[in-house]
Amino acid sequence: MKFARFSYHGRTHTGVIRQGEIAVLSGSLFTHFEETGESYALSDIKFLPPTVPTKVVCIGLNYYEHIEEIGAQVPEKPIYFLKPPSSLIGHESAILYPKGAERVDYEGELAIVIKKKMKDVPEHKTMEYVLGLSCFNDVTERALVSKNPLLLTLSKGFDTFGPIGPYLVTDLDPNNLNIRTYLNGRLMQEGNTKNCVFNVQQILHHLSTWMTLLPGDIVATGTPKGIAPMKPGDVVEVEIEGIGKLRNRVE
Ligand code: MG
């Protein structure tokens, strides 16, 4: 199923996509929900991030060709960092170019949304803890982190540096999905999640031994090769097979 969180006339709702419209739900995607009978045209809603997480966990260096392009080593275990939830924006919201920034890159990524509290979960059980998948853009001020690796959180954590959406999609195999990033309509990144160093089950297993993941938490699974900078006025799109296309303008 394909879900979205959105606002309509100032009220926040969750809905399910039906024949080009969005049907409003009551209850919670994490426990129990039902349709209210109301529905809206997709063109009338404002998309919000599909979840409100306690944390956004980002995996780095997870595609072989991207590791090569930045001259890094293949990690032995997943490498992660955190982005503040305040960095999240929805589909069609603007990425704000920070004052004084020198190089702001897109990173198209597959995002996992956690369904239930997860601690010390073996690999073969991890998918029971996944609510669904979404498109993510791990926007990065590359110049800062190139100068000093300790500035990673600053470089990744600016407001609006975490576009996610438009949809949260359930019942997809996360380990064989085509992912593409477009800048002003031009194809910039093209990969498949089957070419990751660590698959989703391995990532979630390791993370759950290091921290407790909570319902709604987001795990972004790394970017394929082809990173490049954006400038104000550019439009960036992250498209994942079976999920949709996340579009944001840089302002
Ligand atoms: Mg990334």
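Reader: Which helix is Trp210 found in?

Author: Trp210 sits in helix 4, residues 200-210. Helices here are DSSP runs of H or I with at least four residues, strands are E runs of at least two, and both are numbered from the N terminus. Keep in mind that this is a predicted model, where local features need pLDDT of at least 70, side-chain atom pairs count only at pLDDT 80 or more, and totals for chains, interfaces and linings use all residues. Residues are numbered from 1 along each chain as its sequence is written, and side-chain values use heavy atoms, with hydrogens and water left out.

Reader: Is Trp210 buried, partly exposed or exposed?

Author: Buried means under 20% relative accessible area, exposed means over 50%, and partly exposed is in between (1.4 Å probe, protein chains only). Trp210 has 36%, so partly exposed is the label.

Reader: How much area do domain 1 and domain 2 bury between them?

Author: The size of an interface is often given as the accessible area lost when the parts come together. Here an automatic or database assignment sets the bounds, giving domain 1 (1-47) and domain 2 (49-249). Together they bury about 1,300 Å², 59% of it on carbon and sulfur atoms. That is the accessible area (1.4 Å probe) the two parts lose on being put together, summed over both. Arg5, Phe30 and Phe47 supply 52% of what domain 1 buries against domain 2, more than any other three residues.

Reader: What about the backbone: which peptide bond is cis?

Author: Most residues other than glycine have a negative phi, and most peptide bonds are trans. The bond from Gly165 to Pro166 is cis, with omega near -10 degrees, and Pro166 lies in strand 13 (residues 162-169). As for phi, Asp120 has a positive value of about 50 degrees, in the loop between strand 10 (108-114) and strand 11 (130-137). Asp171 has a positive phi too, near 60 degrees, and is exposed at 75% relative accessible area.
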